[in-house]
Amino acid sequence: VDSAIGDHIPTAVQTLTAVYENLQSENPEDWSNAVHSCRRLLQDLANAIYPARADIVKTVNGKDKEINLGPDNYINRLIAFLEERSTSERFTEIVGSHIKFMGERLDSVFQATQKGSHTKIISREEADRYVVYTYLITGDILSLLR
């Protein structure tokens, strides 16, 4: 995963270094910073492998649904990348559900911090979990570029 990240998202190497340093701290603010870096890592990943583009309309369960693929829709772009690249429906379902889960969690943490509750959201254990999940999801997605 490290080499794939280095190849496709070179700036993420510095981001990951900062994440690990933040997790070693005793300061809860640093743990929150680690989580925010995970969100940025997924945004950078989306920008690198599936840049923003015009929205698409997709038929889901017989109904047309507009899928937003703009700059702020990094989760949608990662899922679109998965759906286009993966030859395994099961892989797409599993990794896609993890991406949606992580994206929603990271976005909710980000939105809560905008309201001033930054240090009350994250424990070190929770921050560790976000980092591990982000790393694994990133590896799964980048495996489709081989």
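Modeller: Let us start with burial: a residue is called buried when its relative accessible area is under 20%, exposed when it is over 50%, and partly exposed in between, with a 1.4 Å probe and protein chains only as the setting. By that scale Glu 26, at 65% relative accessibility, counts as exposed. This is a predicted model, in which local features need pLDDT of at least 70, side-chain atom pairs count only at pLDDT 80 or more, and totals for chains, interfaces and linings use all residues. Residues are numbered from 1 along each chain as its sequence is written, and side-chain values use heavy atoms, with hydrogens and water left out.

Biologist: How many helices and strands does the protein chain have, and what pattern do they follow along the sequence?

Modeller: Helices (H or I, at least four residues) and strands (E, at least two) are DSSP runs, numbered from the N terminus. In this case the protein chain holds 7 helices and 2 strands, and their order along the sequence reads α-α-α-β-β-α-α-α-α.

Biologist: What radius of gyration does the protein chain have, and what would a compact globule have?

Modeller: The radius of gyration is taken over C-alpha atoms, and the globule rule is 2.2 Å times the number of residues to the power 0.38. For 146 residues a compact globule would come out near 15 Å, and the 16 Å of the protein chain agrees with that. The C-alpha trace spans about 50 × 35 × 25 Å along its principal axes.

Biologist: What share of the residues is buried, and what share of the contacts joins residues at least 24 apart?

Modeller: Buried residues account for 40% of the 146 residues in the protein chain. Contact means heavy atoms within 4.5 Å, and among the contacts between residues at least 6 apart in sequence, 65% join residues at least 24 apart. As for the surface, accessible areas come from the Shrake-Rupley method with a 1.4 Å probe, and for residues only the protein chains shown count as cover. The protein chain exposes about 8,300 Å², of which carbon and sulfur atoms supply 48%.

Biologist: How many salt bridges does a search of the whole structure find?

Modeller: A salt bridge is a side-chain nitrogen of Lys or Arg within 4 Å of a carboxyl oxygen of Asp or Glu. The search of the whole structure returns 5 salt bridges. One of them joins Arg 124 to Glu 26, with the closest N and O atoms 3.2 Å apart. Arg 124 lies in helix H7 (residues 124–142) and Glu 26 in the loop between helix H2 (12–24) and helix H3 (28–49), so this pair ties together parts that are 98 residues apart in sequence. Arg 124 is partly exposed, at 27% relative accessible area.

Biologist: Which salt bridge does Glu 93 form, and where do the two residues lie?

Modeller: Glu 93 pairs with Arg 90, the closest N and O atoms being 3.0 Å apart. Both residues lie in helix H5 (residues 89–114), 3 residues apart, which is about one turn of the helix. Glu 93 is partly exposed at 39% relative accessibility, whereas Arg 90 is exposed at 54%. Another salt bridge links the side chains of Glu 125 and Arg 129 at 3.4 Å, N to O, and these two residues lie in helix H7, 4 residues apart, again about one turn of the helix. Here Glu 125 is exposed at 57%, while Arg 129 is partly exposed at 38%.

Biologist: Is Thr 134 buried or exposed, and which residues does Thr 134 touch?

Modeller: Thr 134, found in helix H7, is buried, with a relative accessible area of 1%. Not counting residues up to four places away in sequence, Thr 134 touches Cys 38, Leu 41, Leu 42, Met 102 and Leu 106.

Biologist: Which residues is Leu 23 in contact with?

Modeller: Leu 23 lies in helix H2 and is buried, at 7% relative accessible area. Leaving aside neighbours within four places in sequence, the contacts of Leu 23 are Trp 31, Ala 34, Arg 124, Ala 127, Asp 128 and Val 131.
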